[in-house]
Amino acid sequence: MPEALTLAEAPPRGEAPARLTREAILARLPEVLDTVAEGAAERERSRELPFHLFDYLRTTGLTFLRVPEALGGPGGSFSDQLEVTVALASADSGVAHALRSHFAFIESLAIDPASEASRKRAPQVLAGKIFGGAHMEINTPRPNQFRTRLTREGDHYRLNGEKYYATGAIFADFHSFSAMNDADEVTHVLLPAGRPGVKLLDDWDGMGQTLSASGTVLLENVQVFAEEIGARGGNDPFRRRHGATRAQLHLVAVMGGIVRNVLADAIQFTTKKARAAKHSSAEKASGDPFVQQTVGDISALSHVIDVTIADVGRHLDRSAEAFAAGETDPEVLDRLVFAAQLANSKAQIMVGRLAQQAAERLFDTGGGSAISRKQAFDRHWRNVRTLLNHNPALLRGRVLGDYYLNGTRDDFDEGRVF
């Protein structure tokens with residue numbers, strides 16, 4: 001198991017430029033992708049956490065693209081942020097995955113720009129700060145149960161417990177954690193990185209997404225101040241459902257990026273490395289009709305996945321715009337949020353199936369050379385399969401079927417389809 005790694009051992013954080021427009025940030029995306037993609041397969045083989053890339057990303061504007069203009073940001077849409085996620089995943093799926101909590105935090109600012117919390121945190125985000133954290137625990141009888149405790153001690157508090165699935169936290173400047181307070185209520189804290197007693201371990205042992213840093217956080221008598229405590233997620237059920245859908249779609253977007261990477265690898269391998277099979281009528285692999293069909297099929301799978309993800313993004317754009325505009329009519333908000341939830345649940349089922357198919361078809365572009373560890377093609381299937389285990393497909397299908405057959409909405413109304 002890899003040794004524990006604390007943030008104090010990470011390289012210094014980069015600083016964001018003073019001001020970047022939405023157009024300027026998106027124009028740099030191809031350049032950023034080249035930088036992120038360089039050495040990605042080797043990093044995964046050697047399990048080298050890419051601290052340098054997060055230091056770099058802080059300077060590109062991609063980490064604060066979604067901050068609204070009302071808060072001094074570029075004003076990117078949710079769909080803009082979604083495409084950035086897919087694109088980053090096409091370069092390195094671990095990097096895109098590790099930004100999941102940060103992009104969730106940015107979305108909370110974007111849909112509530114007038115709040116005191118948004119006004120307080122936006123300057124930090126615009127300065128290049130990254131927000132991460134961990135809420136789930138694996139030593140409880142069921143998910144979403146917490147043994148982590150926040151107890152009062154004089155004029156401050158102490159936080160003790162153990163978290164897992166701390167995706168991206170090791171790269172972040174701020175950490176949020178859920179806990180039970182003295183009244184046995186779920187609450188959360190937001191702490192600056194480096195607080196004594198917070199220990200982040202690079203011990204994620206999943207077969208895929210190995211560089212998403214989704215391991216353990218040990219919380220040992222951590223001092224917490226009153227202003228660092230808040231109620232988790234607020235009391236607005238529509239915002240909570242919107243946020244849950246966004247979190248689910250982030251993983252689907254990472255899968256979409258992986259399939260783009262599969263297509264790029266298929267083309268690169270076929271045109272630069274693969275030989276025609278000995279029984280082929282073609283002189284080169286690129287001339288073999290069976291290889292041509294394989295690459296064509298992968299391109300079609302990638303296209304369908306991209307279109308499906310973008311469709312869900314447009315639904316979330318509508319609900320996000322309604323929140324930001326101050327819409328309060330519960331019927332309007334429910335209609336917008338529920339439409340996004342339905343579209344997202346269907347996308348999760350189909351994108352998962354199609355992404356696995358694309359990852360498997362990649363091996364049909366060559367013979368024995370396609371399974372060489374030097375190619376690292378197996379990482380695509382492992383990464384997709386790992387992401388799919390976050391959200392069991394059978395559960396999603398059952399919940400959709402129960403709604404269409406019986407009108408049951410419990411899981412949607414509670415934001416539980418996760």
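The model is predicted. Helix 12 (residues 378-388) has 8 of its 11 residues buried and is therefore largely enclosed by the rest of the structure. Strand 4 (residues 174-180) has 7 of 7 residues buried, so this strand too is largely enclosed by the rest of the structure.

**Helix 12 and its surroundings**

- Buried positions in helix 12 comprise Arg379, His380, Arg382, Asn383, Val384, Thr386, Leu387 and Leu388.
- These buried residues pack against helix 3 (40-46), helix 6 (93-98), helix 9, helix 11 and helix 13 (393-406).
- With helix 9 (residues 237-272), the axis of helix 12 comes within 10 Å, and the two cross at roughly 170°. Because an angle over 145 degrees counts as roughly antiparallel, helix 9 is roughly antiparallel to helix 12.
- The crossing of helix 9 and helix 12 is left-handed.
- On the helix 9 side, the contact is made by Leu251, Val254, Met255, Ile258, Asn261, Val262 and Asp265. Their counterparts in helix 12 are Arg379, His380, Asn383, Val384, Leu387 and Leu388.
- By class, the residues in this contact of helix 9 with helix 12 are 8 nonpolar, 3 polar and 2 charged.
- The spacing of contact positions along a helix can be read against a general rule: an α-helix has 3.6 residues a turn, so residues three or four places apart point the same way.

**Helices 10 and 11**

- Helix 10 (residues 289-324) packs with helix 11 (residues 330-361) at an angle of about 160°, and their axes are 9 Å apart.
- Helix 10 and helix 11 are therefore roughly antiparallel to each other.
- Their crossing is left-handed.
- The contact of helix 10 with helix 11 contains 20 nonpolar, 6 polar and 4 charged residues.

- Strand 1 (residues 131-134) runs parallel to strand 4 and is joined to it by 4 bridges. In this pairing, alanine 134 stands opposite phenylalanine 177 of strand 4.
- Strand 5 (residues 186-192) runs antiparallel to strand 4, with 7 bridges joining the two. Here serine 176 stands opposite leucine 190 in strand 5.
- Strand 4 and strand 5 form a hairpin that has 5 residues between the strands. Within its turn, aspartate 184 has a positive phi of about 60°.

- Strand 2 (residues 149-153) and strand 3 (residues 156-163) run antiparallel and are joined by 5 bridges.
- Arginine 149 stands opposite asparagine 160 in strand 3.
- The two strands form a hairpin with 2 residues between them, and glycine 154 in the turn has a positive phi of about 70°.

**Methionine 136**

- Methionine 136 is located in the loop between strand 1 and strand 2.
- This residue is partly exposed, with a relative accessible area of 23%; the cut-off for buried is under 20%.
- Methionine 136 and alanine 320 lie 184 residues apart in sequence, and their C-alpha atoms are 26 Å apart in space.

Conventions
Residues numbered from 1 in each chain as written. Predicted model: local features only at pLDDT ≥ 70, side-chain atom pairs only at ≥ 80, totals over all residues. Heavy atoms only, no water. Axes fitted to C-alpha atoms, helices over the stretch in contact; angles between N-to-C directions. Parallel < 35°, antiparallel > 145°, perpendicular 65-115°, else oblique. Left-handed = near helix turned anticlockwise from the far one by under 90°. Contact = heavy atoms within 4.5 Å. Nonpolar A, V, L, I, M, F, W, Y, C, P; charged D, E, K, R; others polar. Pairing = 2+ DSSP bridges. Buried < 20%, exposed > 50% of the residue type's maximum accessible area, 1.4 Å probe, protein only.
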